[in-house]
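This briefing looks at aromatic rings and the groups around them. Please keep the sequence and the coordinates at hand while reading.

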Protein chains: 2
Amino acid sequence: MTSETVDSAAPTGFTLRPMNEAMIELSVNAAARREADHPRSAVAAIAKPLTLESGSILAPLRIAYQTYGVLNADRSNAVLVCHALTADQHAANIHPLTGKPGWWSTMIGPGLPIDTNRFFVICSNVVGGCMGTTGPASTDPATGEPYGLNLPMVTIGDMVDAQAALIDHLGIPDLFCVAGGSMGGMQVLQWASSHPGRVFSALPIATAAKHSAQNIAFDEVGRQAITADPDWRGGRYLLEGAIPRKGLAVARMAAHITYLSEPALQRKFGRNLQDRDARSFGFDADFQIESYLRHQGASFVERFDANSYLYVTRAMDYFDLAANHGGSLANAFRDTKTRFCVVSFTSDWLFPTEGSRQIVHALNAAAANVSFVEIATDKGHDAFLLDVPELIATTKGFIDSAAKVRGLPEA
Amino acid sequence: MTSETVDSAAPTGFTLRPMNEAMIELSVNAAARREADHPRSAVAAIAKPLTLESGSILAPLRIAYQTYGVLNADRSNAVLVCHALTADQHAANIHPLTGKPGWWSTMIGPGLPIDTNRFFVICSNVVGGCMGTTGPASTDPATGEPYGLNLPMVTIGDMVDAQAALIDHLGIPDLFCVAGGSMGGMQVLQWASSHPGRVFSALPIATAAKHSAQNIAFDEVGRQAITADPDWRGGRYLLEGAIPRKGLAVARMAAHITYLSEPALQRKFGRNLQDRDARSFGFDADFQIESYLRHQGASFVERFDANSYLYVTRAMDYFDLAANHGGSLANAFRDTKTRFCVVSFTSDWLFPTEGSRQIVHALNAAAANVSFVEIATDKGHDAFLLDVPELIATTKGFIDSAAKVRGLPEA
């Protein structure tokens, strides 16, 4: 715990944190991953214990986060970006483990929709995650060992409440915008519902107000793949010096298929062979799609913790915003003053447009200010992470318009 | 090898084989599964070695099969039914391992589309399978041990050539009809292409002339799940007294999702909880869909061999009928006299209608006699196995009409 930066006071002006080579070259080892391995993310030690949706208490709570841009004097320009299942707080900087650009570097930066010349952008690792925020790899104060499966279950609501504690910690009264895709979009909806007075605008992308049976099914396959790996060791692999690499890789491969559309797979890979002129009549990765999936699985295990995968998928499964409001999604947004922009993609079969329509219908029933855009693309669910011109244009238009209403100066 | 029935002579009249309790109560153990465990299927010992598409030679070749109905005097009423990935020869009888009705008992029987009062129906286990036909669990004559991964790779073309050898063995000059769904449909197309003079009518259902990138991707996930299981033992698990149960179960779970449509999952399971009133905030199977998938995985490993899963999925991946005909699917059916009925289902996302359309376009280009029906159902790919009235009506109409042209007497 010596090498990390822990904020103890609420700051008034942040600047973009520069990355350096040392961060990129951090050694990669999922089993050894600890909070201390991520010294470059700020880590907030939240003093108040977090009461979880299950009734359990989580303490201590530490939240790792990145910021970009500068908080203005009246603290009115903060944008919270919420990450998806396997992403983290490194939204717009080079990732310290992979050396790749942040997962939303198409959206966050000077002149981009979430303009770091205008806004103070915060992205924190979710509770249950594995990049510095309290999660199953964190130390259980009751035992002095990694939590493993002793971490209480966390929900999307718990993730949002932890983010709210971080915002409090940073001395930010309310957020100009909360934005995210997929599980990040779930958090956006939850924010608007749980903390309506603190969200001026909300941008849920490629998401739904509840996880579908098919989504739960794919999550369960991933969990079964992980727990089937003997190196998972009943969740105690960190203590026992093992890593369930194979199980986690299979989980990632199965999930990865769901992020892409069939037409995009056809266009990108088709039946193309990988580095060979003919089929091998064997079980090598003859096809490019096989080689690609194997690579996705293998690289994922170098940056993600298997138990976190269990917890965070479970949080998504449990998400059902209407169920917590008497079965009515409109009730979840009753009297909301938040301005919404809901975005879906035509070829997203994991979070189809129908789920976004249900959100829009509920917002309409709640008389909310909502716009809805279904973007035509063949890029599937992953479109929210990609440089899709209509996505950039739509979100920029929405955010600029909301900023004007909020009275924020132009860039 | 003492308890099985091996045909050595071509018969002229078969009768429906009755099932008995002993067959249903056969002990279930995938590891111990051997050809000798399936005494009730007839097994044809094919004298001529089978030259595989890879160039390898497979010998000896044994083919396990079931028959229903009676072959007529001029041997003109034979229907070959081709099974899908995880099915077998038990198309219309109680399955000896599961005790459940045959996988196409909705289609095969007195008064049904494949009418056992009129037709002599043959269904054989595919080469590479695990229910009595030569496959990876069979004895390799070179070693006296189970083949495991020493079995040469087999293709859809090889499966069909083995079936042709069986038909020869049975003394049947040509088939009135070849019918099947999914991988069974691939075999139907291959039959019409490889043995055009021996197929009077062809009924490919919920299939495609090539496996898509997405299909290969899902197959690869299944194979990775199996080979990740330490009990797979590099494919030598039968020799070492192990069974890769967990890996095979994960493979089945992932595949099973692809057999169902999202709307059907929603209708059947939705977010319903399994035997509980509230979420457990844990990793039990809280949701019915989880419980259902776990059951599918667990029951599958009791009846299917893991190495067969590798081989048969690979055969599907390799299927690309046009590639073997200069890239032109129409060439695969050039000068065909076969009458075709192509059937797809609106909610089948594993073998979407588009794949059937490509078949139909190629058949049109080859000036073939073809009808095409896309059936509206939310039952997904599995619809071909279910009692879908429009499927029954369509196939019955096609077969009855073809029988009339063939000059077969009415029932």
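Predicted model: local features only at pLDDT ≥ 70, side-chain atom pairs only at ≥ 80, totals over all residues.

Residues are numbered from 1 along each chain as its sequence is written, chains are lettered from A in the order in which they are written, and side-chain values use heavy atoms, with hydrogens and water left out.

**Aromatic pairs**
- Rings of Phe, Tyr and Trp (its six-membered ring) pair if their centres lie within 6.5 Å, with planes under 30 degrees apart counted as stacked, over 60 as edge-to-face and the rest as tilted; by this rule there are 26 aromatic pairs over all chains.
- Phe269(B) and Tyr292(B) make a tilted pair, 4.7 Å centre to centre with 45 degrees between the planes.
- Phe300(B) and Tyr309(B) pair edge-to-face, at 5.9 Å centre to centre and 80 degrees between the planes.
- Phe218(A), Trp349(A), Phe218(B) and Trp349(B) are linked by ring pairs into a cluster.

**Burial**
- Phe269(B) and Tyr292(B) are both buried, a term for under 20% relative accessible area, with a 1.4 Å probe and protein chains only.
- Phe300(B) counts as buried because its relative accessibility is 1%, and Tyr309(B) is buried with a relative accessible area of 3%.

**Charges over rings**
- A charge sits over a ring if NZ of Lys or CZ of Arg is within 6 Å of the ring centre and within 35 degrees of the ring normal.
- Arg252(A) lies over the face of Phe300(A), 4.5 Å from the ring centre, and Arg279(A) lies over the face of Tyr318(B), 4.8 Å from the ring centre.

How values were computed: Buried < 20%, exposed > 50% of the residue type's maximum accessible area, 1.4 Å probe, protein only.
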